[in-house]
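Please open the structure in your viewer and keep the selection tool at hand. We will go from stop to stop, and at each one you will be told what to select and what is there.

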Amino acid sequence: MVAEVLGSIKENLKTALISAKAEGKIDFVSIPEFVVEVPREKQHGDFATNAAMLLTKEAKLPPREIAKLIVQFFPADNQYVASLDIAGPGFINFKLNNSWLYQVVPEIISKRENYGTINLGKGMKVQVEFVSANPTGLLHMGNARGAALGDSIANLLKAAGYDVEKEFYINDAGNQIENFAKSLEARYLQLLGQDVPFPDEGYHGEDVIDTVKLFTDQFGDKYLNVDVELRREMLIKYALDEKLNAIKNVLKNFGIEYDVWFSEQSLHDSGAIQETIETLDERGYLYEQEGALWFKGTEFGEEKDEVVVRSNGVPTYFAADMAYHRNKFKRGFKWVINLWGADHHGHVSRMKGAVKAFGYDPDQLEVVIMQMVRLFQGGEVVRMSKRTGTYITLSELTEEVGKDAARYFFVMRSADSHLDFDMDLAKSQSQENPVYYVQYAHARISSILRQAAEAGLEVPSVEHVDLTLLNKPEEIELIRKLADLPEVIGGAAQALEPSRMARYAHELASQFHSFYTVCRVLGDEKSITEARLILVSATQTVLQNVLRLIGVNAPERM
RNA sequence: GCGCCCGUAGCUCAAUCGGAUAGAGUAUCUGACUACGAAUCAGGGGGUUGGAGGUUCGAAUCCUCCCGGGCGCGCCA
């Protein structure tokens, strides 16, 4: 509905300018890309445009003069616009009549869980890859942030009409896997009473010992006196499987299901890496130096070239990553989105360089960089270190804080700001905790509808109710908020910013609470009760839709 | 040293393509529960947007320099 209103205003603004030009009042070649938006200040009307100011240079007239002309020539028959005002340096403010708002409510009631979706993506194939942690340990707070953000971004893009696939890239190859194998081996031998040193660069976490215990429960000392290679192979095979399953489970408990789990090792096995290297070589982007094979990153604006095959013949992680991204584009994704931690930001431009080398548009690859998470507990920073094993895992987070609060906290902040995660606040079941504010609004609504049902009052069907009875400021404002959802989803999807949805959820809840304080739903006048029941039901739907996008539950009681 | 991100109210953060008087939450102060859930609402105070220049009708936003914090800069991933 907002889209229709905006469209009609934009159209009429253009008509006004063209009419003014035809009358010789103003001269310009083309109409600039002006915006019609909701002003920050309510007193500036329902919508405002900067069109007049943008034309200043070209028309060689002061902005307020142009604004006067626009107002003068603005078609009088626009069904939504009640009045126009010129304000400030040359803004034109529109005041609307409320007719369009009363059309929003039935729209929500009829679309229900689909209200808010828009067809921005037109079915474009998009891939969102996130978390993609090494299967050598447990997921930590950083992974958790990536999980919450990535899943919400995927949900947003789906709601905006994209054809989305969620993918987890399993880093199950390379040096860290060998390192992991050595750690497992050391723990295994230690467990069997051997006095062997633990590798310096090994994985010190307790969970590695747990994994080896499980292995030993099953196989005992079967691999004590065998070839080192075989022992490591069996250990790593078992451990990767076990770790990956653990990761899948933890993410599932966090409300996240992937479409594809993609193994790095499979790129080695299938020859995809070799093929990628050959392709780059054929195109002349590789050269040999000091026994290694290098990618000419500098030809794509990089600071330096990168090794793709080491002098020992083993391809680097970068080689695998190139093959992986080539594979993504070969699968037909038109928009490839990666969520990376800030510690990987240095890889963005070289990955884009690689994409370009394959002949794809580097802009089709979009890397969302998220900054580090700092954990606070008892007002103090908790240092997290994988080496020493002192870190909060995602499963501990889910258990202690709960999925809803945790996901809300991660999504609440934009990805590129450092996140201070306050454990105590997230855990607290008090008014300080923002997630309850939103959920409480939903619980309140559920309670009203429950009591209405008990009293034999069902939510009536819209066509039999006079919605214009909803005319108090709190009611109008609430409907207004409900009307914004599609636009908010569109903006958040394009900007890849799920934090906007958390903010919207909070604003909507706030508007509902204000309404609730002023307007009694279950009252004496039947016609008003009916209209308000519909409004409340519509609000419930919108709250549910928004919370679903960010993976937070909408409880009926709390 | 070079590159990227960040610096906004006491604290945690917004501000969508450069727009109007920089907004929320929290903390603090004042007020509201004898009908739908007070995990709520209404209101007050709180700012040189790290600093200095510049660009223009207009800058938290863009440019230059400086200060402070984080993260990178490997034949690791």
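What is the volume of the second largest pocket? In this predicted model, the second largest pocket has a volume of about 980 Å³. To find it, select Val-38, Pro-39, Arg-480, Lys-481 and Asp-484, which are the closest to the pocket's centre among the 31 residues that line it.

Next, colour the elements that give two or more residues to this lining, which are helix H1 (2-22), strand E1 (36-37), strand E4 (91-96), helix H5 (99-111), helix H18 (473-495) and helix H19 (499-518).

Now move to RNA strand B and select the residues around it. There are 63 of them, and the closest are Phe-91, His-347, Tyr-437, Tyr-440 and Arg-444. Which parts of RNA strand B do the atoms within 4 Å of the protein belong to? Sugar or phosphate accounts for 63% of these atoms, and the rest belong to bases.

Start with Arg-444, where an N or O atom of the side chain is 2.4 Å from a phosphate oxygen of RNA strand B. Go on to Arg-500, which has a polar side-chain atom 2.8 Å from a base oxygen of the RNA strand, and then to Arg-520, which has a polar side-chain atom 2.8 Å from a base nitrogen of RNA strand B. The elements that give two or more residues to the surface near the RNA strand are helix H2 (51-54), E4, helix H7 (175-191), helix H17 (434-454) and H19, and H17 gives the most, with eight residues. By type, the residues of this surface divide into 21 nonpolar, 24 polar and 18 charged.

For the last stop, select strand E8 (residues 286-289) together with strand E9 (residues 292-295), which run antiparallel and are joined by four bridges. Within this pair, Leu-286 has Phe-295 in E9 as its bridge partner. Finally, look at the two residues between the strands of this hairpin, where Glu-290 takes a positive phi near 50°.

Terms used: Residues are numbered from 1 along each chain as its sequence is written. Chains are lettered from A and ligands numbered from 1 in the order in which they are written. This is a predicted model: local features need pLDDT of at least 70, side-chain atom pairs count only at pLDDT 80 or more; totals for chains, interfaces and linings use all residues. Side-chain values use heavy atoms; hydrogens and water are left out. On a 1 Å grid over the protein atoms alone, a cavity is a set of points where a 1.4 Å probe fits but cannot get out, and a pocket is an open set with protein on both sides within 12 Å along at least five of seven lines; lining residues have an atom within 4 Å of a point. Grid points are joined across faces, edges and corners, and a volume is the space filled by probe spheres set on the points. A residue is near a molecule or strand if one of its heavy atoms lies within 4 Å of it. A polar contact is a pair of N or O atoms within 3.5 Å; within protein, one must be able to donate a hydrogen and the other to accept it, and residues adjacent in sequence count only if both atoms are side-chain atoms. Ala, Val, Leu, Ile, Met, Phe, Trp, Tyr, Cys and Pro count as nonpolar, Asp, Glu, Lys and Arg as charged, and the others, Gly among them, as polar. Two strands pair if DSSP finds at least two bridges between them.
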